[in-house]
Amino acid sequence: MRSVADLAAKPALFPRKERFVADVQILAGFMHSGYPIMMHTVSAPDLVNPYVSGKSDFWGPVHELGHNQQHSDWEFPPYTTECTCNLWSVYVHEVVLGVKKADAHGQMTPQRRQNRIKKYIEGGRNLKDWTVWTALETYMQLQEEFGWDAFKKVFAAYHDMTGVPQDNKGKMNLYAETFSKVVNRNLTPFFKAWGWPIQPSTEEQLCSLPEWRDHPLVQYD
């Protein structure tokens, strides 16, 4: 829980208790977020025995904890609803459990990650296809280049923001601007390569920063 708060750039003592309730029947899905988080009874052992014999089964519970940390200011529904919560799953596995992201979930192997990116590019980089695991690749590429501290600083910056746009286009441009300023790099070429609707005004605002020209999608240009 301290690591969940750490990534969210929040004090470790949350205003509300983060509770898991296991039952034989729940409202929706295999687990779902909220207060309390609900899970099926079969998943309860994962909470107290998260890493056994080289295989992690802790992704789901932390995924739900991540849902509880999502904020509308940097969420772009429906694209990122089931995506950005996974930042916490990856972070907890790497930082707390010492499990590499490739071993944290079957969808995170290098081959599957590469296949998703290639499929998205070949499909025309359409945002309707930028969801869940595909969308997570965008954030993973940022993390692998700039580290987790960049995300912490970005989340912290949002804590004090006012006047945040309420439409996805506006919010995505603000996110690109915020992340760029945090890492002192112009990331608009990267986000545009992912099909984000980056506006000329955003590019102009960040033009004084050095561009990230060698980002991972350059090979597909």
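This report covers selected local features of a predicted model.

## Basis of the values

Residues carry numbers that start from 1 along each chain as its sequence is written, and side-chain values use heavy atoms, with hydrogens and water left out. Because the model is predicted, local features need pLDDT of at least 70 and side-chain atom pairs count only at pLDDT 80 or more, while totals for chains, interfaces and linings use all residues.

## Packing of α4 against α8

Helices in this report are DSSP runs of H or I with at least four residues, numbered from the N terminus, and strands are runs of E with at least two. Helix α4 (86-97) packs with helix α8 (residues 148-159) at an angle of about 135 degrees, their axes being 12 Å apart; axes here are lines fitted to C-alpha atoms, for helices over the stretch in contact, and angles run from 0 to 180 degrees between N-to-C directions. That angle makes α4 oblique to α8, since angles under 35 degrees count as roughly parallel, over 145 as roughly antiparallel, 65 to 115 as roughly perpendicular and the rest as oblique.

From α4, the residues L87, W88, V90, Y91 and E94 make the contact, and from α8 the residues W148, F151, K152 and F155 do so, where contact means heavy atoms within 4.5 Å. The crossing of α4 and α8 is left-handed, a term used if the near helix is turned anticlockwise from the far one by less than a right angle, with right-handed used if clockwise.

N173 sits in helix α9 (residues 168-183) and counts as buried at 4% relative accessibility; buried means under 20% relative accessible area, exposed over 50%, and partly exposed in between, with a 1.4 Å probe and protein chains only. The side chain of N173 reaches the backbone oxygen of K169 at 2.8 Å. Leaving aside neighbours within four places in sequence, N173 is in contact with P197, I198, Q199 and T202.

Q69 is also buried, with a relative accessible area of 5%, but its place is in the loop between α3 and α4. Not counting residues up to four places away in sequence, Q69 touches V4, A8, K10, F14, E18, W74 and W88, and W88 belongs to the α4 side of the contact with α8.

## Cysteines

The count of disulfides comes to zero, a disulfide being a pair of cysteine sulfur atoms within 2.5 Å. For C85, the closest cysteine sulfur is that of C83 at 7.3 Å, which is too far for a bond. C85 is buried, with a relative accessible area of 0%, whereas C207 is exposed, with a value of 56%.

## Backbone geometry and loops

The peptide bond from P77 to P78 is cis, with omega near 5 degrees, and P78 lies in the loop between α3 (59-67) and α4. Positive phi values in residues other than glycine occur at V132, where phi is near 45 degrees, and at N184, where phi is near 60 degrees. V132 lies in helix α7 (residues 132-146) and is partly exposed at 29% relative accessibility, whereas N184 is placed in the loop between α9 and α10 (188-193) and is partly exposed at 47%.

N126, in the loop between α6 (110-122) and α7, counts as partly exposed at 35% relative accessibility. Although N126 and G195 are 69 residues apart in sequence, their C-alpha atoms are 6.3 Å apart in space.

Note on methods. A polar contact is a pair of N or O atoms within 3.5 Å; within protein, one must be able to donate a hydrogen and the other to accept it, and residues adjacent in sequence count only if both atoms are side-chain atoms.
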